[in-house]
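Student: I would like to go through this model term by term. Please set each value against its definition.

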Amino acid sequence: MKRALNFGPGPSALPLSVLQETAAEWLDFAGTGMSVLEVSHRGPDYDAVHRDAQTRLKRLLGLGDDYTVLMVGGGASTQFAAVPLNLLHPGQTADYLVTGSWAKKAYKEAQLFGTVNLAADTADASAGGAYCRVPRPEECLFTPGAAYVHLTSNNTIAGSQYAAFPQPAAPLVADMSSDLLGRPIDARAFALIYAGAQKNLGPAGATVVIIRQELLERCRSGIPTMLHYPTLAKAESLHNTPPCFAIYLMAKVFKWVEAQGGVEGMGRRNQQKADVLYGAIDRHAGFYRAPVDKDSRSTMNVVFRLPSEALEQRFVSEAKAQAMVGLKGHRSVGGIRASIYNGVEPAWVEALASFMEQFARQHG
Ligand code: PMP
């Protein structure tokens, strides 16, 4: 078997041992004589997996009984609506920090449901509206008494990430789709965290929503049932059929993260991987150009440009010939993006860095 060196932005590389374990159990899950795809979500075998996933995620984040983990479908994009529907009461304002395309989508979606304030926007007019950084604390203009403040911890497309988070008085809500479990964070500083699984957590299909109990008690009623956090929490994410297979895989990924030293271990490993790539970019600064400000650089999505689009295309196709895939930047911004989520092996990153050195020497 030849395994691709997958730098895709999501769905993305999963740990090989997780895939192998899944393959070994594929036709007979937990001695049931059925695949995990075939068993009831109300049966004891699936139930053990469901609870295991919730318990491990809370443990990894250092959270106790004052937080609830929901595991739902619909992707992170559905949470763009669910968050304001639950938390933005009539007469209140929600603050949004816009630092990239996904943050902007969350901001726009919230406008469908109530009063929303753009508390910071880091689009750089002099760079064609590109997002090259996260806001400085003094740039965040929070609304006194806001229902919540929403931010995107890692900007998957722009390649930027908060090194430290703002600390508003209002409850802090974060879309952590592309960096949850990728580094240590103080999860208790957040009232709500959500993330689509398909980057660091598992396959597409499941989304986790981690919510502080006290906020759960203040959610609005009269909203669609499947978006109503208290309903989902009361049923322990079994109000309807959950995305069982994606949850089963997430539980395995969480176990794998624990075995790698938890979020501290992942954080060290990801920082080293990022340093290898940014090192290669900076050593060839006349050839590669990193558009993101140094203090906002992401350890998950390393974005860079080459001197021309023709060279970028050549870079992507020559890398592909060496089994390195998923490197093309997002269609909205172009360039190159190497996504180096938890499942991306350090050896793959070393291979990419050597390729970058060679390519720069050849074409620089
Ligand atoms: N937020 C961020 C930060 C993302 O990177 C993505 C997907 N790449 C989304 C939200 C949307 O996620 P989904 O496709 O699960 O709706």
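This is a predicted model: local features need pLDDT of at least 70, side-chain atom pairs count only at pLDDT 80 or more; totals for chains, interfaces and linings use all residues.

Student: Why are H2 and H7 called oblique to each other?

Tutor: Helix H2 (residues 44-61) and helix H7 (residues 244-259) pack at about 45°, with axes 9 Å apart. Angles under 35 degrees count as roughly parallel, over 145 as roughly antiparallel, 65 to 115 as roughly perpendicular, and the rest as oblique. H2 and H7 are therefore oblique. The axes are lines fitted to C-alpha atoms over the stretch in contact, and angles run from 0 to 180 degrees between N-to-C directions. Helices (H or I, at least four residues) and strands (E, at least two) are DSSP runs, numbered from the N terminus.

Student: What is the hand of the crossing of H2 and H7?

Tutor: H2 passes H7 in a left-handed crossing. Left-handed means that the near helix is turned anticlockwise from the far one by less than a right angle; clockwise is right-handed.

Student: Which residues make the contact between H2 and H7?

Tutor: On H2 they include Tyr46, Val49, Ala53 and Leu57. On H7 they include Ile247, Tyr248, Ala251 and Phe254. Contact means heavy atoms within 4.5 Å. By class, the contact residues are 11 nonpolar, 1 polar and 5 charged. Ala, Val, Leu, Ile, Met, Phe, Trp, Tyr, Cys and Pro count as nonpolar, Asp, Glu, Lys and Arg as charged, and the others, Gly among them, as polar.

Student: What makes H3 and H4 oblique?

Tutor: H3 and helix H4 (residues 101-110) pack at about 40°, with their axes 8 Å apart. H3 and H4 are therefore oblique to each other. The crossing of H3 past H4 is right-handed. Ser77, Phe80, Ala81 and Pro84 in H3 meet Trp102, Lys105, Ala106, Glu109 and Ala110 in H4. That contact divides into 6 nonpolar, 1 polar and 2 charged residues.

Student: What makes a space a pocket, and what makes it a cavity?

Tutor: On a 1 Å grid over the protein atoms alone, a cavity is a set of points where a 1.4 Å probe fits but cannot get out, while a pocket is an open set with protein on both sides within 12 Å along at least five of seven lines; lining residues have an atom within 4 Å of a point. The largest pocket holds about 360 Å³. Among its 17 lining residues, Ala130, Tyr131, Ala158, Pro291 and Val333 are the closest to its centre. The second largest pocket holds about 310 Å³. Helix H3 (residues 75-87) gives the largest share of its lining, 4 residues.

Student: How many cavities of 30 Å³ or more are there?

Tutor: The count is 1. Residues lining the largest cavity include Leu14, Lys199 and Trp256.

Student: Where is the cis peptide bond?

Tutor: It joins Gly10 and Pro11, with omega about -5°. Pro11 lies in the loop between strand E1 (5-6) and helix H1 (16-25).

Note on methods. Residues are numbered from 1 along each chain as its sequence is written. Side-chain values use heavy atoms; hydrogens and water are left out. Grid points are joined across faces, edges and corners, and a volume is the space filled by probe spheres set on the points.
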